[in-house]
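Me: Could you take a close look at the packed interior of this protein for me, and then walk outward from there? I'd enjoy one connected account.

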Amino acid sequence: MKNVQPGDLDCIEFQLGRTPRDVHAIGFRCACSKPAVVQTPPRLGDGTPFPTFYYATCPRLTGAISTLESSGLMAEMNERLAVDAELAGAYAAAHDDYLAARAALKMDVPEVEGISAGGMPNRVKCLHSLVAHSLSAGPDVNPLGDEALSKLPDWWKEQPCE
């Protein structure tokens, strides 16, 4: 497992309320150094295909994203995607980046070939996936993930993550 430190899997188990499945790497850590996003291989140990490479685990982060999802932002993003060719192109490039990062694991999983997450490349259906991608890949990779991230409160400031 890449960049997984002692205690990370226990922390993730506490965050999720269940045993984490097949963590490949920590994609992003909160300011308190706890895992907030994990990378999961496209095929789980039990053989199940799993297209969600970047998976947000921090409950404060996922709660903040859920609140943002309920604001109507996804519908507004979808409207812009339909008319803004530059945004659509950048979002399609984010889809390609997501697929390339997952493909770097060198696992052939035909069931998820060409499938990223969050609705990419043509629509927005899950801000959790887009924010997790932005946090892991860094700024200027996923424009809609970056936008959603910029609208989140500082989820880590109130108290240290669990």
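Reply: Let's start with leucine 127, whose contacts, leaving aside residues up to four places away in sequence, are Ile65, Leu68, Glu69, Leu73, Met74, Met77 and Ala148. Please keep in mind that this is a predicted model.

Leu127 belongs to the largest nonpolar core, a set of 31 residues. Together with Leu61, Val124, Leu144 and Leu152, Leu127 is among the residues with the most contacts inside that core. Two or more residues each come from strand 2 (35–39), strand 3 (54–56), helix 2 (59–69), helix 3 (73–83), helix 4 (85–103), helix 5 (127–137) and helix 6 (143–150). Helix 5 gives the largest share, 5 residues. As general background, nonpolar side chains in soluble globular proteins tend to be buried together.

The aromatic rings come next, and the structure has 4 aromatic pairs. One of them joins phenylalanine 53 and tyrosine 54, with 4.7 Å between the centres and 65° between the planes, an edge-to-face arrangement. Phenylalanine 53 and tyrosine 54 are both buried. Ring pairs also bring in Tyr98, linking Phe53, Tyr54 and Tyr98 into a cluster. Tryptophan 155 and tryptophan 156 form an edge-to-face pair because their planes stand at 90°, where over 60 is required; their ring centres lie 4.7 Å apart.

The largest pocket holds about 160 Å³ of space. Around the pocket sit Pro42, Leu99, Arg102, Ala103, Met107, Asp108, Val109, Pro110, Val112, Glu113 and Gly114, which split into 7 nonpolar, 1 polar and 3 charged residues.

A few backbone details round out the picture. In general, most residues other than glycine have a negative phi, and most peptide bonds are trans. Lysine 106 has a positive phi of about 60° although it is not a glycine. Lysine 106 lies in the loop between helix 4 and helix 5; its relative accessibility is 74%, over the 50% limit, so lysine 106 counts as exposed. Proline 121 is placed in the loop between helix 4 and helix 5 as well, and the peptide bond joining methionine 120 to proline 121 is cis, with omega at about 5°. Serine 33, another residue that is not glycine, has a positive phi, near 85°. Serine 33 is found in the loop between strand 1 (25–29) and strand 2. With a relative accessibility of 43%, between 20% and 50%, serine 33 is therefore classed as partly exposed.

Key. Residues numbered from 1 in each chain as written. Predicted model: local features only at pLDDT ≥ 70, side-chain atom pairs only at ≥ 80, totals over all residues. Heavy atoms only, no water. 1 Å grid on protein atoms, 1.4 Å probe; cavity = no way out; pocket = protein on both sides within 12 Å on 5 of 7 lines; lining within 4 Å. Points joined across faces, edges and corners; volume = space filled by probe spheres on them. Nonpolar A, V, L, I, M, F, W, Y, C, P; charged D, E, K, R; others polar. Core = buried A, V, L, I, M, F, W, Y, C linked by side-chain atoms within 4.5 Å. Buried < 20%, exposed > 50% of the residue type's maximum accessible area, 1.4 Å probe, protein only. Helix = DSSP H or I, 4+ residues; strand = E, 2+ residues; numbered from the N terminus. Contact = heavy atoms within 4.5 Å. Phe/Tyr/Trp six-rings, centres within 6.5 Å; stacked < 30°, edge-to-face > 60°.
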